[in-house]
Amino acid sequence: FTTVTRAKTLREPSNLDSVFLAELRSLFEAHWTGKPLRLVGVALTGFSGAPGQIGLLDAGLSEKRERLVRAADRLRDRYGFGKIRLGSSLEGAEEDDDH
């Protein structure tokens with residue numbers, strides 16, 4: 001077997017799973033050759049206590065996403081992780097920063 005490692009650092013800190021998933025998909029699509037795979041692993045590192053400073057122009061959108069993620073987390077805690085999924089985490093979903 002051949003081991004291939006790829007890594008990417010986000011431009012801005014985030015705690016949104018949709019941001020992580022979009023970056024994972026991008027990294028995978030950019031480097032997958034089409035050959036069969038035996039194992040794909042993902043590691044997230046470099047966490048801090050807060051996601052960092054919010055930009056002035058997208059503060060409202062960031063706040064809405066934060067509330068959405070917290071609500072989804074509460075529902076997952078109560079009913080189980082698989083009971084709720086955000087649309088951006090579904091297969092084929094593309095993140096649209098304009099909406």
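User: Where do I start, and how confident is the predictor in the protein chain?

Analyst: Start with pLDDT. The protein chain averages a pLDDT of 77. Of its residues, 76% score at least 70.

User: Over which residues does pLDDT stay under 50?

Analyst: First, the general idea. Where pLDDT is low, the predicted coordinates should not be read in detail. Here that applies to residues 95-99, where pLDDT stays under 50. The model has eight contacts for them beyond four places in sequence.

User: What does the secondary structure of the protein chain come to?

Analyst: Two helices and zero strands. Helix α1 covers residues 17-31. Helix α2 covers residues 59-79.

User: How do I check the span of helix α1?

Analyst: Compare the reach with the expected value. The expectation uses 1.5 Å a residue. Helix α1 has 15 residues and reaches 21 Å from its first C-alpha to its last. That is close to the 21 Å expected.

User: Which residues in α1 are buried?

Analyst: Ser18, Val19 and Phe20 are buried in α1. Across the 99 residues of the protein chain, 11% count as buried.

User: His31 also lies in helix α1. Why does His31 count as partly exposed?

Analyst: Look at relative accessibility. His31 counts as partly exposed because its relative accessibility is 39%. Now look along the chain and across space. His31 and Val4 are 27 residues apart in sequence, yet 9.6 Å apart in space, C-alpha to C-alpha.

User: How much of the contact total comes from residues 24 or more positions apart?

Analyst: Take the contacts in the protein chain with a separation of 6 or more. Residues 24 or more positions apart account for 57% of them.

User: What volume does the largest pocket have, and which residues are closest to its centre?

Analyst: The general idea is simple. Rolling a probe the size of a water molecule over the atoms shows where empty space is left. In this model, the largest pocket has a volume of about 1,600 Å³. It is lined by 39 residues. Closest to its centre are Arg6, Leu24, Leu27, Gly41 and Val42.

User: How do the residues of that lining divide?

Analyst: Into 20 nonpolar, 13 polar and six charged.

Conventions
Residues are numbered from 1 along each chain as its sequence is written. This is a predicted model: local features need pLDDT of at least 70, side-chain atom pairs count only at pLDDT 80 or more; totals for chains, interfaces and linings use all residues. Side-chain values use heavy atoms; hydrogens and water are left out. On a 1 Å grid over the protein atoms alone, a cavity is a set of points where a 1.4 Å probe fits but cannot get out, and a pocket is an open set with protein on both sides within 12 Å along at least five of seven lines; lining residues have an atom within 4 Å of a point. Grid points are joined across faces, edges and corners, and a volume is the space filled by probe spheres set on the points. Ala, Val, Leu, Ile, Met, Phe, Trp, Tyr, Cys and Pro count as nonpolar, Asp, Glu, Lys and Arg as charged, and the others, Gly among them, as polar. Helices (H or I, at least four residues) and strands (E, at least two) are DSSP runs, numbered from the N terminus. The expected span of a helix is 1.5 Å times one less than its number of residues. Buried means under 20% relative accessible area, exposed over 50%, partly exposed in between (1.4 Å probe, protein chains only). pLDDT is the predictor's confidence in each residue, from 0 to 100. Contact means heavy atoms within 4.5 Å.
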